[in-house]
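Here are my notes for you to read alongside the model. Take the points in order and keep the viewer open as you go.

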Amino acid sequence: MRFFDGGLRDGNRFLAMLVDHARNAVGAIDFLETMLDRASAEATEQLRGMSRQSTEARSVLIDELHKTFVTPLDREDIYNLSEAFEKMVVYASTTLEEMHLLRVPPDTTIRGMVSLVREQAEELHDAMQRLSKNPRVASDHANRIHGKERDVERLYRAGIRDLFAGASDPAALPGILYRREVYRHISNMADRAVSAANVLGMVVMKIA
């Protein structure tokens with residue numbers, strides 16, 4: 001396993017690509033947060049373009065994995081980290097798209113959840129930047145993601161409770177279900193951040 005250490009110290013294009021993937025996730029979620037009050041066809045298309053770029057970047061990374069014999073991390077870890085980052089961007093895109101198409105304005109639950117997921121993405125980006133020289137610091141960043149995911153889930157459950165507590169008018173039911181779908185997409189983003197954090201935890205165990 002020691003060849004991993006050398007690859008990390010010397011730098012590697014896979015690590016650089018993963019840092020870029022993490023940065024893309026921060027950018028997409030930051031854009032989502034900025035556009036919560038301004039969901040539009042134009043904003044949706046811009047975020048959809050970020051999603052396409054993230055998917056393309058992941059495809060390039062996987063192609064490079066196929067062509068490379070020695071990698072700085074386990075191939076499966078590289079693959080899974082890239083997938084988690086891409087899925088966060090995809091969920092950011094679908095969240096804004098559904099808010100626009102289903103006419104779901106932001107509420108305190110949506111704002112709180114998105115803010116926490118953006119913080120998760122920032123922690124992941126910081127973790128990836130620290131991984132090569134300070135893996136235990138990277139682990140600290142990754143560990144903070146779990147607490148934020150628990151906060152997201154608390155907001156999610158409270159939001160669902162409040163939605164259906166006031167569901168006395170049958171005509172309001174479609175709007176309630178639409179809003180629940182938006183909540184669910186944001187919760188899924190938080191879950192993908194935890195998936196990445198779990199992989200990072202295993203990576204640090206191998207190299208630290």
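1. Some ground rules. This is a predicted model, where local features need pLDDT of at least 70, side-chain atom pairs count only at pLDDT 80 or more, and totals for chains, interfaces and linings use all residues. Residues are numbered from 1 along each chain as its sequence is written, and side-chain values use heavy atoms, with hydrogens and water left out.

2. Back to Ser51, which sits in helix H3. Helices here are DSSP runs of H or I with at least four residues (strands are runs of E with at least two), numbered from the N terminus. Which residues does Ser51 touch, not counting those up to four places away in sequence? They are Val89, Val90 and Ser93, where contact means heavy atoms within 4.5 Å. Glu181 is another story: 130 residues away from Ser51 in sequence, with 19 Å between the two C-alpha atoms.

3. Now for the helix pair around there. H3 covers residues 41–67 and H4 covers residues 75–101; their axes come within 9 Å and cross at roughly 165°. Axes are lines fitted to C-alpha atoms, for helices over the stretch in contact, and angles run from 0 to 180 degrees between N-to-C directions. H3 and H4 are therefore roughly antiparallel; the cut-offs are under 35 degrees for roughly parallel, over 145 for roughly antiparallel, 65 to 115 for roughly perpendicular, and oblique for the rest.

4. H3 also passes H4 in a left-handed crossing, that is, the near helix is turned anticlockwise from the far one by less than a right angle (clockwise would be right-handed). Sorted by class, the contact of H3 with H4 has 14 nonpolar, eight polar and six charged residues. For those classes, Ala, Val, Leu, Ile, Met, Phe, Trp, Tyr, Cys and Pro count as nonpolar, Asp, Glu, Lys and Arg as charged, and the others, Gly among them, as polar.

5. Have a look at Glu86 in H4. Is Glu86 buried or exposed? Its relative accessible area is 9%, so Glu86 is buried. Apart from neighbours within four places in sequence, Glu86 is in contact with Ser54, Thr55 and Arg58.

6. What about H4 as a whole? Its 27 residues reach 39 Å from first C-alpha to last, close to the 39 Å expected at 1.5 Å a residue; the expected span is 1.5 Å times one less than the number of residues.

7. Next, the two ends of H4. In the loop between H3 and H4 you'll find Pro72, which counts as buried at 2% relative accessibility. Pro72 and Ser132 are 60 residues apart along the chain, yet their C-alpha atoms are separated by 9.5 Å. Just after H4 comes Arg103, with a positive phi of about 55°, in a residue other than glycine. Arg103 belongs to the loop between H4 and helix H5 (108–130) and counts as exposed at 73% relative accessibility.

8. H4 has another partner, helix H2 (residues 13–34): the axes of H2 and H4 come within 9 Å and cross at roughly 15°. H2 and H4 are therefore roughly parallel, and the crossing of H2 past H4 is left-handed. The contact includes Phe14, Leu18 and Ile29 from H2, and Ile78, Phe85 and Val89 from H4. Its residues divide into 15 nonpolar, four polar and no charged.

9. Move on to Val114 in H5. Val114 is buried, with a relative accessible area of 1%. Leaving out neighbours within four places in sequence, the contacts of Val114 are Ile29, Leu32, Glu33, Leu36 and Ile186.

10. Last pair: helix H6 (residues 135–165) and helix H7 (residues 173–207) have axes that come within 9 Å and cross at roughly 160°. That makes H6 roughly antiparallel to H7, and their crossing is left-handed. By class, this contact has 18 nonpolar, five polar and six charged residues.

How values were computed
Buried means under 20% relative accessible area, exposed over 50%, partly exposed in between (1.4 Å probe, protein chains only).
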